[in-house]
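Here's a quick briefing to read alongside the model. Have the viewer open as you go.

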Amino acid sequence: LAPNASTTFTLPVIALGTPGNHTLKFATAAPNAMTDMDTHNDLRSFFAAMLSTTINTPVAEAFTAATFPPTNWTRENANSDTYQWLRVTAGNPSYSMKMDDFNSPANNQDNMYTPLINFSSAVAGAELKFDVAYARYSASYCDRLRVRITTNCGANWTTIYDKSCATLATSADQTGAFTPTTAAQWRTETISLNSYVGNPNIIIEFNNISGYGNNLYVENINVTDGTTGINLLNPISGVSVYPNPSHGEFSVNVNLEQPQDLTIIVQNNLGEVVRNIEMKNISSEIIPINMMGEAQGSYVVTIRTNAEVITKRISIVE
């Protein structure tokens, strides 16, 4: 190339091979067949994740399991430094994922990705909910949280939530490292996903952009497909799941206005069905469910009749 000239080179297709996280590195060498006198800009690295498992809705993640990132979730440390999303015990009520923006340099970006979610059966009313806790350091040092969604495995992203500084804050400014200690320091965010119903796969990204401000926490991430609570004929007049949390055994109490068939499905955080109970001609019933032997964590209980679907969440503890 002549001095100050540039060119575009299209790289060949690269096969990642195995599922999981990969780092792609691209380098230049020997400019004009000579020794490079300035090598600081010769290497670029890119993160790439190959997802192999698609899970069904509802998706519920409270970070109660010790494994982090959770199974099928993906963490990207875009700046390859010390600071990235971590699981901590400061939660609403118990655990959350945290970004240490109190120490992370300004403009650092770190991402957490949901699993590949099957959204093909979603209908109007589909939504994303999560809890957030954040305090600014000051008006001059504040951070940003974006939530983005893709329907083509990351080729294109659409921002569906974007808050920073005072808009993001759930607590007063704090010049010390922020840790939420009360429920009042958390806020629940609700985002409609109606624009994405019918897509075979979606991925949701939680994108943190540090302003060298203060700590950010995210908890209780829930993705629902809009099929929960559809009121048609013969509705469920009452349903409860107790005790919650449970030590492995709990009951589902249902009251139906007319006798009908009932299905109860219990799913883990991966969307895997761990219990499937079918009952005929039920009106009012207390149904015991034994989860002894299952891993601790959060489970989604789906109660389905011919006319309605209701979901509840239960935590299994020691």
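Let's start with Cys165, which is partly exposed because its relative accessible area is 25%; buried here means under 20% relative accessible area, exposed means over 50%, and partly exposed is in between (1.4 Å probe, protein chains only). Keep in mind that this is a predicted model, where local features need pLDDT of at least 70, side-chain atom pairs count only at pLDDT 80 or more, and totals for chains, interfaces and linings use all residues. Residues are numbered from 1 along each chain as its sequence is written, and side-chain values use heavy atoms, with hydrogens and water left out.

**The cysteines**

- The structure has 1 disulfide, a term that here means a pair of cysteine sulfur atoms within 2.5 Å.
- That disulfide is formed by Cys142 and Cys165, whose sulfur atoms sit 2.0 Å apart.
- Cys142 is in the loop between strand S10 (127-134) and strand S11 (144-150), while Cys165 is in helix H1 (residues 165-168), so the pair ties together parts that are 23 residues apart in sequence.
- Helices (H or I, at least four residues) and strands (E, at least two) are DSSP runs, numbered from the N terminus.
- The torsion about the S-S bond of Cys142 and Cys165 is about 50°, so this is a right-handed disulfide.
- Cys142 counts as buried because its relative accessibility is 15%.
- Cys153, on the other hand, is exposed, with a relative accessible area of 61%.

**The open sheet**

- An open sheet of 5 strands runs in the order S5-S8-S14-S11-S12, with antiparallel pairing; two strands pair if DSSP finds at least two bridges between them.
- At the edges are strand S5 (74-77) and strand S12 (158-164), each pairing on one side only.
- From one strand to the next, the twist averages 15°, with axes taken as lines fitted to C-alpha atoms (for helices over the stretch in contact) and angles running from 0 to 180 degrees between N-to-C directions.
- S5 and strand S8 (residues 109-113) run antiparallel and are joined by 4 bridges.
- Thr74 has Tyr113 as its bridge partner in S8.

**Around strand S17**

- Strand S17 (residues 249-267) and strand S18 (residues 273-290) run antiparallel, joined by 14 bridges.
- Their hairpin has 5 residues between the strands, and Gly271 takes a positive phi near 85° there.
- S17 also runs antiparallel to strand S19 (residues 297-304), with 5 bridges joining them.
- Val266 has a bridge partner in each neighbor: Arg275 in S18 and Val301 in S19.
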